[in-house]
Amino acid sequence: MLTCKQQVAVSSDYLDGQLSFRQRLLVRHHLLFCPNCRRFIRQMRLLRGSLQKLPEPPPEDLEQTVERMMREQSR
Ligand SMILES: [Zn+2]
């Protein structure tokens, strides 16, 4: 069984569907017995849902930043 710390560490991947079948089972098993992590996952899912609705941040200064990085690298 996962510890809460392990659970938190994989919860982002869990929400992304990035976990293997076995890992997913471990997470589900943990959530079944741990109301704290259940709440955590729920809040994380809500947060991510609301984040996805936000517009993309403007690509402010991106070109300048890349240009500067390339200049610094070629030094
Ligand atoms: Zn837990």
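**Reading a helix pair**

Tutor: In this predicted model, the axes of helix α1 (residues 4-16) and α2 come within 10 Å and cross at roughly 125 degrees.

Student: By what quantities are two packed helices described?

Tutor: In general, two packed helices are described by the angle between their axes together with the distance between those axes.

Student: How are α1 and α2 oriented to each other, parallel or oblique?

Tutor: The crossing angle is roughly 125 degrees, and angles over 145 would count as roughly antiparallel while 65 to 115 would count as roughly perpendicular, so α1 and α2 are oblique to each other. As for handedness, α1 passes α2 in a left-handed crossing.

Student: Which residues in α1 and α2 meet?

Tutor: On the α1 side they are Cys4, Gln7, Val10 and Tyr14, and these meet Arg24, Val27, Arg28, His30 and Leu31 in α2.

Student: Which helix has the highest mean pLDDT, and which the lowest?

Tutor: Among the elements of the protein chain, helix α2 (residues 21-33) has the highest mean pLDDT, at 95, whereas helix α4 (residues 62-73) has the lowest, at 80. For the protein chain the mean is 86, with 87% of the residues reaching 70 or more.

Student: How many helices and strands does the protein chain have, and what share of its residues count as buried?

Tutor: The protein chain has 4 helices and 0 strands, and of its 75 residues 17% count as buried. Among contacts with a separation of 6 or more, 63% come from residues 24 or more positions apart.

Key
Residues numbered from 1 in each chain as written. Predicted model: local features only at pLDDT ≥ 70, side-chain atom pairs only at ≥ 80, totals over all residues. Heavy atoms only, no water. pLDDT = per-residue confidence, 0-100. Helix = DSSP H or I, 4+ residues; strand = E, 2+ residues; numbered from the N terminus. Buried < 20%, exposed > 50% of the residue type's maximum accessible area, 1.4 Å probe, protein only. Contact = heavy atoms within 4.5 Å. Axes fitted to C-alpha atoms, helices over the stretch in contact; angles between N-to-C directions. Parallel < 35°, antiparallel > 145°, perpendicular 65-115°, else oblique. Left-handed = near helix turned anticlockwise from the far one by under 90°.
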